Amino acid sequence: MTVTAMKLAEIQSRMLDAIMHPLTSGYNTQQRARDGRPMRDVAAEIIKPNNRLTSFERLQIYNQSYWYRVLDALEDDFPGLLAIVGRTRFNALSKAYLTDCPSRSFTLRDLGSRLEEWLRANPKYAAPRTKLALDMVRLEWAEIEVFDAAELPVLIPHPASDPDPRFTLQPYVRLIELHYPVDDLLVGIKAEMRESEVASNAVATRAHHGRVRKIANQKPQAIFLAVHRQDDSVYFKRMEREAFRMLQALREGKQLSAAAEAAFSDSKTAESKIPALLQSWFENWSSLGWLAQQAPAE
Amino acid sequence: MPANRFNGFTDYGVGIGLRIPHYRHILSRRPVVDWFEIISENFMIDGGRPLKVLDQILEQYQVVQHGVSMYFGSPERPNREHLRRLKQLVKRTNTPWVTDHLCWGSVDGTYSHDLLPMPYTFEAVQHTAAKIREVRDFLEVPVAVENVSSYAEFHASEMTEWEFLNEVAEKADCGILLDVNNIYVSSRNHSFDPFEYVNAVPATRVAQIHIAGHSKFEKYILDTHDHPVIDPVWALYDRAIERCGPTATLLEWDANIPSFDEVHNEALKANRYLAKVEAVR
């Protein structure tokens, strides 16, 4: 096919493929395209050279811009994962993830939406701390979702007419189960990042070493966490396993009695203590605004 | 300011882009600003702080929506979810017009998140104009398309960039967001006369003008929005408003963002040129 006869869709498809082709380790355009053809030829078929830049060099401007943009966006969204796997491995992981899972959304905000699933299928990129890394990715993605999730009108408590009601949880509450205390770790990492921004190189290096020690010392621990929003800021709230299960059941649409049953089904809590526990949980969730009026049907 | 059907018959002055580092200053000091341009995608969300800040801004200021991901030139039809969210935001902001770029950036739902230049072909004109019409009909507000800065030209092109812009605007019957910095950047990268471009644009379709700074490299210029506007770009702006009349003008500053006052003062330099045009009208 002559280049002038090439259809719009074909030009765009070839160009996007070349732009999204991973860079070399030196962050330059690879000499070979995905299909093994010289990238120089691929570029020359689509792009005109000028008196300063070859077709290949012009393509490289877009190829580099693409990768700098998506790598930066992923790093901004997952500083905890970066701290766990380290800079070199984070770069390799990001490159592999974005090659396998390029953006399918009009917004860069969604870039990391498939990272947990991908990392689960490609554990070598975070080995030997894969489980810790998976926890961190789950937490960091929850943070992103909670930050701009919808907020429904808060449920106004009134004498219950329904003795066994269903409750709606605020969309900005995410319930996640963790195997490591990555919530504390992430809070620490972000605090150190803020300090590093204003500190000298020596202080920043000490902070980095401290972070590495902390990560190396993480011990497994079952954590039941709600990631939620208060006054437009994202917070983490640990809770008892039973309270977590109760909220999960309510989110699934179970009635109060069924949710309580699910929460305490394999619990060692004495039955006599359950009513008081339920009351205190509901008071707490209500004061946090987690219980919402039902969303209007779309 | 010349009100026309492409900017909702409004009479806006000189605005700046609404950016996070300035939120606190704007909300606490309430500076006098003609209008703010928002990046639509930053607010096409369900809730949280961004929308609350936007609502506070809307109480006091005029806001115009500028998009970065509609990709009028991409091969696929507009994404319905994208359109639905955009329209929701249009209702929230009451933006008199909506802008996005005359470019492409996705294929079959895979996104580059870049503003890629179009091959300037008649096929692309038809395709792009049809998509702009579809978006405008769905949103029910005027749409203006922005010329992008570019670093590549295609063998397949059958016309100049400004001929392409004019053809598309004519076929889509849409407005133009004329970015004079982008014209300057592309003119240096592709060795054309930027005044020829400005002189060729149909003045009656210009809804808005963008000004910005850029970065120079050894062999090309990159549109980085991280510097003040340089004199040659002001000269293009001067010529543009001489032709179009005093048009709604916006300074873009997106990286290494200085203080609110520094950005606003840079934008207000436009008033020197606008006053000159007003004086002779």
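How many bridges join strand β1 (residues 14-17) of chain B to strand β12 (residues 249-252) of chain B, and do they run parallel or antiparallel? There are 3 bridges, and the two strands run parallel. Welcome to a predicted model, in which local features need pLDDT of at least 70, side-chain atom pairs count only at pLDDT 80 or more, and totals for chains, interfaces and linings use all residues. Residues are numbered from 1 along each chain as its sequence is written, while chains are lettered from A and ligands numbered from 1 in the order in which they are written.

**The two chains overall**

- Chain B has 10 helices and 12 strands; helices (H or I, at least four residues) and strands (E, at least two) are DSSP runs, numbered from the N terminus.
- The radius of gyration of chain B is 18 Å, close to the 19 Å from the globule rule for 281 residues, so chain B is as compact as a globular protein of that length. That radius is taken over C-alpha atoms, and the globule rule is 2.2 Å times the number of residues to the power 0.38.
- Along the principal axes, the C-alpha atoms of chain B fill a box of roughly 50 × 45 × 40 Å.
- In chain B, 52% of the 281 residues are buried. A residue is buried if 20 or more other C-beta atoms lie within 10 Å of its own, exposed if 12 or fewer, and partly exposed in between, with C-beta atoms placed from the backbone.
- Of the contacts in chain B with a separation of 6 or more, 77% are between residues 24 or more positions apart. Two residues are in contact if their C-beta atoms, placed from the backbone, lie within 7 Å.
- Chain A has 12 helices and 5 strands, and 33% of its 298 residues count as buried.
- Chain A has a radius of gyration of 25 Å, whereas a compact globule of 298 residues would have one near 19 Å. Its C-alpha trace spans about 80 × 50 × 35 Å along the principal axes.
- The domain assignment of chain A gives domain 1 (3-129) and domain 2 (149-181 + 218-292), with bounds that come from an automatic or database domain assignment. The C-alpha centres of these two domains lie 41 Å apart.

**Strand β1 of chain B and its partners**

- Strands pair if DSSP finds at least two bridges between them.
- From β1(B) the chain crosses through helix α1 (residues 23-29) of chain B to β2(B), in a right-handed β-α-β crossover. Right-handed applies if, with the strands pointing away from the viewer, the path from the first strand over the helix to the second runs clockwise.

**Strand β8 of chain B**

- 5 of the 5 residues of strand β8 (residues 175-179) of chain B are buried, so β8(B) is largely enclosed by the rest of the structure.
- In a regular strand the side chains alternate between the two faces of the sheet. Both faces of β8(B) are covered, with B:G175, B:L177 and B:D179 buried on one side and B:I176 and B:L178 on the other.
- Strand β7 (residues 143-146) of chain B pairs with β8(B) in the parallel sense over 3 bridges, and B:A144 has B:G175 as its bridge partner.
- A right-handed β-α-β unit is made by β7(B), helix α5 (residues 161-172) of chain B and β8(B).
- β8(B) pairs with strand β9 (residues 206-212) of chain B in the parallel sense over 4 bridges, where B:Q208 is the bridge partner of B:L177.

**Where the chains meet**

- The contact takes 43 residues from chain A and 36 residues from chain B.
- On the side of chain A that touches chain B, the elements that give two or more residues are α1 (8-19) and α3 (55-77) of chain A.

**Backbone spots to check**

- Most residues other than glycine have a negative phi, and most peptide bonds are trans.
- A:D231 is not a glycine, yet has a positive phi of about 50°; A:D231 is exposed, with 7 other C-beta atoms within 10 Å.
- B:H113, also not a glycine, has a positive phi of about 60° and is found in strand β6 (residues 110-116) of chain B. With 21 C-beta neighbours inside 10 Å, B:H113 counts as buried.
- A cis peptide bond with omega of about 5° joins A:A127 and A:P128.
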